[in-house]
Amino acid sequence: MANNITLQVTRYRPEQDDEPTVQEYEVPLRKDWAVLDGLNHIKDHQDGTLSYRWSCRMGICGSCGMTVDGEPKLTCATFLTDYDPGPVRVEPLANFPLIRDLVVEIGDFMRKLPKVKPWIVRDDDMPISEGEYLQTPKQMEEYKQYSMCINCMLCYSACPVYGLDPDFIGPAAIALAQRYNLDSRDQGASDRLDLLIHPDGIWGCTFVGECTRACPKDVDPAGAIQRYKLTAALHSVKALLFPRGAR
Amino acid sequence: MSTPTGYTEYHPRWHRTRLGTLWWLRRRSYLVFILRELSSVFVAWYVVYLLMLIHAVGQGNEEYQRFLHRAANPWMVLVNVVALIFVMFHAITWFNLAPKAMVVRLRGKRVPPAWIAATNYLAWTVVSAFVAWRVLGG
Amino acid sequence: MSKRPIEPFLWLLFSAGGVLAALFIPVLVFLFGVAVPLEWISPPRHEHLLALLRNPLTLAVVLVVCVLALFHWVHRFRYTLYDGLQIKHLNGLINLFCYGGAIVGSAAAAYVLWQIP
């Protein structure tokens, strides 16, 4: 194992650059270092002007998503030794506008997320005196996988449909809608349906499957979307046949 | 460097990259995806071919023989060999992906996706065997 | 009712077509596209095929498979044109060409099968 590895990092300073450029840095190649550790080393010892997002450094906050050697990854979970001898290309997360260096604009997702109502929707709230909503372990299994989403947006970065058409609501939003639709405590499935059966909702998805491949938490958004397509399609058939009884 | 519109100290100019027309060549998984989608073209081609065959059969033995003769043309065989590859690709990817859309529960437990895929392949074998048997004289 | 209630039904057609195409088409391509022309197996006798096609059940299955397979192609092709060539702004034209083509193809299928003596 060599002593160092080269990181080729995208730089973009809008106050002086028209286009992003690439800057090379050499960082120590330590056995337990992730790409994020390499970036922190650069910022601490070599170039304090490098801008990037990170927080928990353990794969739960979803802040440090970037494109490493062409693949969307959490930089805290991607180890430098896997890229030995390098060089390693570190670019900002694809399919998002670039603000500076490795920092992308995530406002689009932030605006889409509340639209799918990612919270328990009830027609009738139980009074506090009656206690909690009870749920069996089996009921929790129904949606547990989809609750693992950390909003890291690697799936949006991997999805070609989102790259081609930013109006597409995207994998994470649909997976999160499913997380609540499948929750036994929730009664809001029909509310979410109205938004998601729009052509920019689930029907934009062509089941490429890249979102599931990119997901660091095994949420399987592609599976969630396909299941929801079937549910929504059957719901439309029912609505057609029994206009009054469907809802 | 010109000052772009909308650039201020507190709202930097965002850089947007357009995906480009050849985005699907950039990654192997994207290319495989596009090929999978294009397999539908060969499905449509074979529907046309099948209808031409059926039409020839309907027109009498002479037409049928003429059709068989045209089918034996090396270029036609080549097209159909390619069609066979793509149609098989469609079938295999379809059966492998179908379990994702359906969550089947048997006595409360979720059936593993591999079982659903296996059922699909079994159905495929049965249908193919039956069709071959009927067509070849059964 | 949403703005575009037709999309779910098109997806169901696509799915049904996909299943039928996956089940029926490979063996047929193999038989009539490869095996018979290459003389790996002798071609079925004309009288046999005619008798087969006269059976109303066979006719029904063939028609359903052909029509749904065409609609499967059309749906997939439409999205591939959007994604591959990025011509979503030609939406109306693409829909006309695609679904029009599928309807024409289905009509042709019905006509051919109707013509069997």
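Analyst: Two residues are in contact if their C-beta atoms, placed from the backbone, lie within 7 Å. This is a predicted model, in which local features need pLDDT of at least 70 and side-chain atom pairs count only at pLDDT 80 or more, while totals for chains, interfaces and linings use all residues. Residues are numbered from 1 along each chain as its sequence is written, and chains are lettered from A and ligands numbered from 1 in the order in which they are written.

User: How many residues of chain B are in contact with chain C, and how many of chain C take part?

Analyst: Helices (H or I, at least four residues) and strands (E, at least two) are DSSP runs, numbered from the N terminus. The elements giving two or more residues to the side of chain B that touches chain C are α1 (28–59), α2 (61–71), α3 (74–101) and α4 (113–135) of chain B. In total, the contact joins 46 residues of chain B to 45 residues of chain C.

User: Which element gives the largest share of the side of chain B that touches chain C?

Analyst: By class, this side has 35 nonpolar, 9 polar and 2 charged residues. Here Ala, Val, Leu, Ile, Met, Phe, Trp, Tyr, Cys and Pro count as nonpolar, Asp, Glu, Lys and Arg as charged, and the others, Gly among them, as polar. The largest share, 17 residues, comes from α1(B).

User: What radius of gyration does chain B have?

Analyst: Chain B comprises 4 helices and 2 strands, in the order α-α-α-β-β-α. Its C-alpha trace spans about 80 × 50 × 25 Å along the principal axes. The radius of gyration is taken over C-alpha atoms, and the globule rule is 2.2 Å times the number of residues to the power 0.38. A compact globule of 138 residues would have a value near 14 Å, but chain B has 25 Å.

User: What percentage of the residues in chain B is buried?

Analyst: A residue is buried if 20 or more other C-beta atoms lie within 10 Å of its own, exposed if 12 or fewer, and partly exposed in between, with C-beta atoms placed from the backbone. Among the 138 residues in chain B, the buried share is 24%.

User: Which element of chain A gives the most to the side that touches chain C?

Analyst: This contact takes 14 residues from chain A and 13 residues from chain C. On the chain A side, α5 (160–164) and α9 each supply at least two residues, and the side divides into 8 nonpolar, 3 polar and 3 charged residues. The element that gives the most, with 4 residues, is α9(A).

User: At what angle do helix α6 and helix α9 of chain A pack?

Analyst: In α6(A), the residues A:P171, A:A172, A:I174, A:A175 and A:Q178 meet A:P221, A:A224, A:I225, A:R227 and A:Y228 in α9(A). The contact has 8 nonpolar, 1 polar and 1 charged residues. Axes are lines fitted to C-alpha atoms, for helices over the stretch in contact, and angles run from 0 to 180 degrees between N-to-C directions. The axes of α6(A) (residues 171–181) and α9(A) (residues 221–241) are 9 Å apart, and the angle is about 65 degrees.

User: How many of the residues of α6(A) are buried?

Analyst: The cover over the buried residues of α6(A) includes α2 (107–115), α3 (137–144), α4, α7, α8 and α9 of chain A. The helix α6(A) is mostly covered, and the buried count is 11 of its 11 residues.

User: How far does α9(A) reach from its first C-alpha to its last?

Analyst: The expected span of a helix is 1.5 Å times one less than its number of residues. With 21 residues, α9(A) is close to the 30 Å expected, and it reaches 30 Å.

User: Where is A:P87 found?

Analyst: Most residues other than glycine have a negative phi, and most peptide bonds are trans. The peptide bond from A:G86 to A:P87 is cis, with omega near 0 degrees, and the bond from A:D84 to A:P85 is likewise cis. A:P87 is in the loop between β4 and β5 of chain A.

User: Is A:N151 buried or partly exposed?

Analyst: A:N151 is not a glycine, yet has a positive phi of about 55 degrees. A:N151 lies in the loop between α3 and α4 of chain A. Because A:N151 has 17 other C-beta atoms within 10 Å, A:N151 is partly exposed.
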